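Thanks for coming. I have one structure to show today, and I will go through it piece by piece. Please have a look at it first.

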Amino acid sequence: MTEPAPMTEPAPMTEPAPTTAPAAGPGSALDRELHELADKQVALGEMRGSPSVNPVNEPMIRHWLDAMGDTNPAYLDQGVAPPAMIQVWTMPGLRRDVKERSPVDDMIARLTDTGFTGVVATNCEQTYHRPARLGERLTPATRFSGLVGPKQTALGEGYFATWNVTWYGDGDDPVAEMMFRILKFRPRQRASEKAPEKAPERQEPKQPYPLRPAVNEDTAFFWEGVRKGELRIQRCSDCGELRHPPGPVCPSCRSANRTHIVSSGEGVVYSYVVHHHPPVPGRETPFVVAVVELPEGVRIVGNIVDCPTDAVGIGMSLRATYRAMDDELILPMWAPRET
């Protein structure tokens with residue numbers, strides 16, 4: 001049984017790059033070192049982690065179904081979890097006293113140390129063998145699959161790292177598998193960051209905001225609207241249904257014809273979290289991430305600004321605001337609506 005994982009396209013993230021980074025062209029000393037390390041990690045084979053702290057449980061399944069808008073009663077009626085929840089059961093959370101190593105960790109750390117500080121997920125494929133049952137504790141096992149590169153990409157020179165995770169049930173049988181691939185890259189230097197050939201004084205360039213949305217054919221209209229101070233919502237040209245996040249096909253009538261409307265820019269807090277940890281590049285913690293319900297009938301995720309974190313509450317009235325994060329990027333955010 002195979003079905004796609006419900007993922008939001010991740011935004012590329014970058015961390016501060018080292019002052020100097022060794023060359024990594026094909027056949028270079030660094031390239032050989034990275035591939036030798038990758039071969040060692042592959043040779044380690046599958047490494048099992050600890051069983052999940054909590055068993056598969058009904059409250060978490062209910063939270064998931066509510067968040068996804070899934071009203072199918074079959075899961076709880078049959079005592080099983082939705083297959084796409086598979087990662088939920090073994091996420092480590094903020095437990096700082098537990099740090100299990102996997103074959104992936106050393107590879108990613110070495111790429112980061114040698115200047116490949118940017119990261120963007122490129123592939124995620126999940127295969128479900130059977131549903132996870134209420135009460136069982138799942139055990140993850142990770143296997144590093146390989147390193148490909150260096151490759152010249154639109155984001156910069158980088159390496160594609162791939163690994164596989166298998167979740168085992170109480171009977172030691174595989175419940176689900178996941179192939180995950182990321183690109184670790186050296187961010188390209190922007191023209192605005194290059195030092196002038198002749199300058200009377202040395203000026204520090206303005207650093208670009210490190211978290212950037214992945215813009216594609218389905219989302220370009222949204223970001224074009226943001227640059228114009230508009231909050232655009234995708235609409236099916238055939239049945240008229242609104243949807244967010246935008247996608248290539250209408251989930252109701254399966255039409256690929258789409259257009260958009262411009263939202264009023266108002267909303268209310270449907271749900272929220274206050275993010276304290278881990279650190280996020282370009283952001284100071286704590287900050288609020290909210291699910292905002294729009295009067296048009298869709299929900300959108302965004303940060304709440306211009307408001308103390310302890311003043312945010314469910315049902316709070318908000319208005320859209322647009323913030324320039326650097327010379328190129330504008331992000332939609334939410335501020336308390338004046339009454």
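Which residues of α4 are buried? They are D105, M107, I108, L111 and T112. Buried here means under 20% relative accessible area, with exposed over 50% and partly exposed in between, using a 1.4 Å probe and protein chains only. Helices (H or I, at least four residues) and strands (E, at least two) are DSSP runs, numbered from the N terminus.

Before going on, a word on the source. This is a predicted model, where local features need pLDDT of at least 70 and side-chain atom pairs count only at pLDDT 80 or more, while totals for chains, interfaces and linings use all residues. Residues are numbered from 1 along each chain as its sequence is written, and side-chain values use heavy atoms, with hydrogens and water left out.

Back to α4. Its buried residues pack against α1, β3, β4 and β5, where contact means heavy atoms within 4.5 Å. After α4 comes G115, which has a positive phi, near 100°.

Now the sheet. It is open, has 5 strands in the order β1-β3-β4-β5-β2, and its pairing is antiparallel. Two strands pair if DSSP finds at least two bridges between them. β1 (47-48) and β2 are at the edges with a single partner strand each, so one side of each has no neighbour in the sheet. β4 and β5 pair in the antiparallel sense over 11 bridges, and T162 is opposite R181 in β5. α4 packs on this sheet, touching β3, β4 and β5, and its direction makes about 10° with that of β5. α1 lies across β3 and β4, running at about 160° to β3. For these angles, axes are lines fitted to C-alpha atoms, for helices over the stretch in contact, and angles run from 0 to 180 degrees between N-to-C directions.

Next, the core. A nonpolar core is a set of buried Ala, Val, Leu, Ile, Met, Phe, Trp, Tyr and Cys residues joined through side-chain atoms within 4.5 Å. The largest one has 36 residues, and L34, M107, L138, F144, L147 and W163 have the most contacts inside it. Elements giving two or more residues to this core include α1 (29-43), α4 (105-113) and β3 (139-152). A second, separate core has 29 residues, among them A290, V292, V305 and L329.

What does F144 touch, leaving out residues up to four places away in sequence? The list is A38, Q41, V42, P103, V104, M107, A161, T162 and W163.

Finally, the whole protein. There are 5 helices and 13 strands, and buried residues make up 40% of the 339 residues.
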